Amino acid sequence: MHDLPQQLANGLILGALYGLVAIGYTMVYGIVQLINFAHGEIVMVGGFGALTAYLALPGGTTLWLALPLMLIAGILVSTLTAVAAERFAYRPLRTAPRLAPLITAIGLSIVLQQLVFSFYPDAKKARVFPKIPGDPFELGSVTVQRSDIFLIIAAPLCMLALGWFVTRTRSGRAMQATSQDPDTAKLMGIDTDRIIVMAFAIGAAFAAVAAVAYGLRSGQIDFRMGFLLGLKAFTAAVLGGIGNIYGAMLGGVALGLAEALATGYIQHLPGMHLFGGGAWKDVWAFVLLILVLLVRPQGLLGERVADRA
Amino acid sequence: MRHRSAVVVSIAVIGALSISACGSRGEKKSGDGNAGATTVTIGVDAPLTGDLSALGLGIRNSVELAVKQANEKNEVPGVKFEIKALDDTGKPAPGQQNATQLVADKNVIGVVGPLNSSVAQSMQQIFNDANLVQISPANTGVALSQGEKWASGDKARPFKSYFRTATTDAVQGPFAAQFLAKDAKKTKVFLIDDQKTYGAGLAATFKGEFVKQGGTIVGEEHVNPDDRDFAAVVTKVKSSGAEAVYYGGEYPAAGPLSLQLKDAGLTIPLMGGDGIQSGDFIKLNPKSAGDYATAVGLPVEALPTAAKFIADYKTAGYKDAYETYGGYSYDSGWAIIEAVKNVVKDNGGKLPSNPRAKVVEAVQKVSFDGVTGKVSFDEFGDTTNKQLTVYTVKDGKWAVEKSGTFSG
């Protein structure tokens with residue numbers, strides 16, 4: 001167990017990544033009750049946006065200069081894609097039965113994958129993503145990668161900014177109001193269409209940050225990266241209580257820790273040697289989800305809400 | 001109505017996309033001349049898109065080159081060859097569909113492929129039932145040719161239509177184990193595999209021989225082929241005190257795995273089989289210097305027989321490299337062409353009305369000098385060429401470390 005601090009750190013960092021993606025699911029669900037299954041692909045296009053910016057920069061540009069530009073490009077691409085998706089794929093279906101936009105979301109996710117696959121140069125294979133150069137930092141017995149420092153700084157920063165936005169700004173409060181009751185909010189003079197677009201855009205911006213973090217961590221991105229990441233983040237959102245912004249981050253961290261600890265230790269528990277290790281980490285992540293849903297169906301931070309009349 | 005039409009449109013789009021994804025990409029016809037000749041098709045099944053497409057495109061191009069040259073030389077008078085390349089994306093299900101499609105095409109006289117052992121598993125029965133010869137340039141899973149019980153010495157060939165020009169993991173894993181133990185002098189190895197037919201088989205045969213050589217397996221891990229985040233596994237490797245990692249699997253996961261090992265401050269090499277011996281492994285992994293990979297046969301570049309192949313491949317102007325399996329694919333294509341030639345010769349100068357079964361028999365008997373050495377098959381359909389090479393990453397390229405013939 002002497003590597004426990006390292007595994008906890010691994011889990012926290014992975015969890016922060018899941019949390020950033022989960023925000024997008026949660027915000028959209030909180031306001032329009034839509035599970036945007038194309039959100040994983042919003043992450044993916046953000047990654048390719050950032051990569052494009054990196055490739056467009058002259059060779060030899062330091063990453064400290066490139067990284068902000070990559071982030072801006074990623075956020076731009078993700079946000080535009082999400083806003084366009086909302087306008088053309090979801091808004092026309094807003095009054096349709098709940099199943100219709102869900103199907104569209106799945107369709108959209110395939111469309112986005114295929115677009116990148118077909119039109120982005122060499123996207124048929126994994127594309128190399130830059131890493132932050134330099135040796136890792138040693139904090140006691142814990143090794144922290146330079147690339148992960150980006151995530152360690154970005155995730156809390158994004159959370160704080162979002163918290164401030166939602167509670168302190170007019171738009172943020174309008175967002176809360178819309179999430180509670182869109183019809184009444186509209187009667188109170190809130191432009192709910194604008195608020196919904198904003199929820200998509202903020203989720204997409206977070207997705208782009210997550211995409212850059214993912215690329216920096218694994219040194220590569222590919223057109224299918226959004227699928228598994230999106231599924232994990234959706235799990236994190238449900239785990240934390242879907243619709244709750246802080247719940248998304250908490251759910252992400254819980255999921256990340258569950259994966260790291262399952263890979264590290266379940267194998268060593270008596271009678272469990274067949275069910276441990278990296279191959280089973282996804283299984284344990286979903287077992288955790290089921291357990292939480294059995295005990296607390298609304299998720300860790302979710303509130304039990306009465307069905308709207 | 002507007003809403004309903006939106007749903008219909010989105011369903012139609014999904015449908016169209018999934019059909020186009022399953023369909024055949026990159027089908028190419030080649031060669032001309034020989035007007036009035038019988039046209040026969042050599043099928044190719046390989047991942048032409050997706051993670052493993054670097055290897056797959058190398059396979060397709062090399063077979064195409066073989067076919068083009070056979071036509072130019074009028075190798076089999078009265079017969080004109082063309083290829084039909086289908087994309088299996090490296091997965092068993094599309095591979096099985098492709099097999100069915102190739103069997104249904106009466107012009108297809110033989111198939112080169114696939115890349116992955118797990119894909120081959122899903123195709124063998126279909127080809128065997130149709131008596132259609134299949135030659136894989138890359139499968140190394142032992143059970144494919146020697147039956148499930150091969151490890152206990154009970155070898156039985158399950159499908160008489162299946163051949164391969166690549167040696168098996170029964171040879172490749174142990175060869176790597178001997179190299180790590182004897183040449184690289186490693187005593188403690190951490191074993192990781194991706195649980196696919198190829199990766200798990202390779203890891204298992206490696207383990208057997210490494211323990212026999214007196215080495216210790218200090219830890220074992222299984223990962224999922226789609227994983228790109230190995231932090232938790234890397235932590236386990238680090239605390240195990242391993243001197244090397246042996247990975248059974250392919251480069252899309254092996255690249256980031258090796259990179260994350262080195263990022264975590266581990267200065268130990270990662271070794272794998274031919275599944276990681278791709279240029280993309282190095283591209284995806286800037287810290288790959290010193291990593292090892294075994295590959296079947298001798299390096300194509302080092303063989304005098306291969307110089308012409310390399311020059312011709314260059315002249316043909318393919319955008320993608322021939323990669324690890326190019327030479328084997330070229331030889332597989334030629335094995336089918338040779339077999340057809342012999343069948344035609346035995347049938348008085350023209351193709352018999354039902355040539356498939358005859359071609360299977362003829363492939364069993366082929367023997368010629370290919371670009372990878374002697375091309376012929378033993379009683380299991382395995383290549384008789386048991387040579388292997390260990391490569392290491394040096395100056396951003398795979399360099400030959402050691403070549404040899406495996407002996408038990």
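Begin in chain A, where H1(A) passes H2(A) in a right-handed crossing. A crossing is left-handed if the near helix is turned anticlockwise from the far one by less than a right angle, and right-handed if clockwise. The model is predicted: local features need pLDDT of at least 70 and side-chain atom pairs pLDDT 80 or more, while totals for chains, interfaces and linings use all residues. Residues are numbered from 1 along each chain as its sequence is written, chains are lettered from A and ligands numbered from 1 in the order in which they are written, and side-chain values use heavy atoms, leaving out hydrogens and water.

**Stop 1: the helix pair of chain A**

Select residues 4–32 (H1) and 39–56 (H2) of chain A, which pack at an angle of about 130 degrees with their axes 10 Å apart. H1(A) is therefore oblique to H2(A). Contact (heavy atoms within 4.5 Å) involves A:Val21, A:Gly24 and A:Tyr25 on H1(A), and A:His39, A:Gly40 and A:Val43 on H2(A). These residues comprise 3 nonpolar, 3 polar and no charged.

Some terms apply throughout. Helices (H or I, at least four residues) and strands (E, at least two) are DSSP runs, numbered from the N terminus. Axes are lines fitted to C-alpha atoms, for helices over the stretch in contact, and angles run from 0 to 180 degrees between N-to-C directions. Angles under 35 degrees count as roughly parallel, over 145 as roughly antiparallel, 65 to 115 as roughly perpendicular and the rest as oblique. Ala, Val, Leu, Ile, Met, Phe, Trp, Tyr, Cys and Pro count as nonpolar, Asp, Glu, Lys and Arg as charged, and the others, Gly among them, as polar.

**Stop 2: the five-stranded sheet of chain B**

Next, display the open sheet of 5 strands in chain B, ordered S2-S1-S3-S4-S5 with parallel pairing. Two strands pair if DSSP finds at least two bridges between them. S2 (79–87) and S5 (162–164) of chain B stand at the edges with a single partner strand each, so one side of each has no neighbour in the sheet. Strands S1 (38–46) and S3 (108–112) of chain B are joined by 4 bridges, and B:Ile42 stands opposite B:Gly110.

H4(B) lies across S1, S3, S4 and S5, at about 160 degrees to S4(B).

**Stop 3: H3 and H4 of chain B**

Select residues 92–104 (H3) and 117–129 (H4) of chain B, whose axes come within 8 Å and cross at roughly 25 degrees. H3(B) is therefore roughly parallel to H4(B). The contact includes B:Ala99 and B:Val103 of H3(B) and B:Ile126 and B:Phe127 of H4(B). Its residues divide into 8 nonpolar, 5 polar and no charged.

**Stop 4: the seven-stranded sheet of chain B**

Move to the open sheet of 7 strands in chain B, S7-S6-S8-S9-S10-S13-S14, where pairing is mixed. Its twist averages 25 degrees from one strand to the next. S10 (292–296) and S13 (387–394) of chain B pair in the antiparallel sense over 5 bridges, with B:Val390 as the bridge partner of B:Thr294.

**Stop 5: an aromatic pair**

Finally, select B:Phe206 and B:Phe210, both in H7 (197–212) of chain B and 4 residues apart. The whole structure holds 15 aromatic pairs over all chains. The ring centres of B:Phe206 and B:Phe210 are 5.3 Å apart and their planes at 15 degrees, so the pair is stacked. Rings of Phe, Tyr and Trp (its six-membered ring) pair if their centres lie within 6.5 Å; planes under 30 degrees apart count as stacked, over 60 as edge-to-face and the rest as tilted.
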